[in-house]
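Good morning, and thank you for the time. Please look at the structure as I put it on the screen.

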Amino acid sequence: MKRYLPAFTLLLLVVATLGSLAIGATHIDAFWKELFNPGHNAILWQIRFPRVIAALLVGAALAVAGLMAQGACNNALAEPSIVGTSAGASLATVIAILFGIVQVGSLGAIAFGVVGAIAATALTFKLASVRSGLSSFALIIVGIAVTATLSAIVGISTTMVTRADARSISFWNFGSLSLITTDNLLGIFITAVIGIALAYSIAPDLDRLSLGDATAFHLGVDVAKVRKLALVALSIAAGGAVSTVGTIAFLGLAAPHIARFIYGPSHRFLVIQSSIIGALLLVIADTLARTIAQPNELPIGLVTSLIGAPILIALVALRNTTWKTP
Amino acid sequence: MITINEITIEISGREIIYGYSEQIPAGSITVIVGPNGSGKSTLLAAIAGSIVPIKGTITIDDVHPALTSAMQLSKIRAMAVQNQFYSLGFTVRQVIEMAGPADEIMQALELSAIADRHVTTLSGGESARVAIAQAVAQNTPVLLLDEPLAAQDIQSRRRIIDLLQGLAEKGVTVVVVAHQEEKDLEWADKIIKDLL
């Protein structure tokens, strides 16, 4: 049974993706015919297609970002919106937009997002290890504080300077895929692929890092270098996503844990399976967000939490040996 | 041969080892004994290269651990830390295979029966044996073990000691930190005490 799970999850993803393309405020006549006729139906190809592809890419990117945060910190609670990464990306993008340097979704905005993500994550790690080695407790507390500070500045900036192109505080706090266009896909595609590829390349070292810094070092891991690379992968993947669609919290926490519960802790496998589960969760969440309260659209971050949280709780209740804390 | 030459080690501003010299012969078992806080584990970590002395040098043959990359060092020495903690649910076999082939060493340390158990579910003694097995699987000329016999029952102790003696006969330099009385260390080729 277990050996069919990866294929089953992939099949679910394909079904959810097709469902997401088919379902929406406007009914698409002859959906299957239009699906094999690229560019013909404007609703399908200019509105839903970019949005669904963005959901897949952002879901996969945030899941792997969460996996990197947890792996690098050896901490089950770490994720981009807790260690400061998402807030750093938001702030750098908002500042760049308010100064008229870039527009949301452009490659320039993504570049600012990634730089902001790296800077904020590095700041969290630096502050958490000021007095001694990096402790889980310090990391999470400092991460939450850095996130709160940077998010507050984002909120104040977007409230003081009300400009549509800078997006709303709700966009930066809960995320939205509603304004995605085909032009935005290239940037999130590039950052997702780079982030995931980098994560895959360091995955075996993250397995060793889970045994503690000392044992990883004894096994030949350059601990500081691997941790830095994981944080870069985390920042590129999350920075690209957040600068384009805002902060979608919880997905980065839940997707890697769900994958770990099902498939075990090996990071090579987890990079792939977390991506698939992250993409699946976000595609389902986005379909629900834009359909269940029509004509209103629900913030995607809230729907993601509503779907992901019960799954995570159920898995913890079923099987609680995947992550042990000292 | 491990050569320790006039080393001084400070941790958090506190001097743990001062002006200490020693030679550890190759292909033998050396046991470091002493009271808590005497610097036994610190000396072992310094030989492993994870702590750098502020004065003096340590060499394994002609290699300086403090100046060697983690990857290079992992081919020269292996080490099992005290109280190895496992946070992720890898199986016993997976953990050992992170260092090298697992079958032979799992058999020697009676771990074959629990090869597919998650390491997060092991007892203290089992965890310690998995850590030892992983270090041995790394197959290096120098093997460093911090308190490998603590938390082990009599049979497991015997098994570990037999294993170490077999490795030393094959030319492996084994350095062990232990809490035993000197009279219980008949299996050691050399005993180091009075680190302070």
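In chain B, what share of the contacts with a separation of 6 or more comes from residues 24 or more positions apart? The share is 70%, where two residues are in contact if their C-beta atoms, placed from the backbone, lie within 7 Å.

A word on conventions. This is a predicted model, in which local features need pLDDT of at least 70 and side-chain atom pairs count only at pLDDT 80 or more, while totals for chains, interfaces and linings use all residues. Residues are numbered from 1 along each chain as its sequence is written, and chains are lettered from A and ligands numbered from 1 in the order in which they are written.

Chain B contains six helices and eight strands, these being DSSP runs numbered from the N terminus (helices H or I, at least four residues; strands E, at least two). Their order along the sequence is β-β-β-α-β-α-β-α-α-α-β-α-β-β. The radius of gyration of chain B, taken over C-alpha atoms, is 16 Å, close to the 16 Å from the globule rule for 196 residues, so chain B is as compact as a globular protein of that length. That rule is 2.2 Å times the number of residues to the power 0.38. Of the 196 residues in chain B, 44% are buried, meaning that 20 or more other C-beta atoms lie within 10 Å of the residue's own.

I turn to chain A. Buried residues of helix α13(A) include A:Ile300, A:Val303 and A:Gly308. Among the elements covering the buried residues of α13(A) are α7, α11 and α12 of chain A.

Definitions and conventions: Buried ≥ 20, exposed ≤ 12 C-beta atoms within 10 Å, placed from the backbone.
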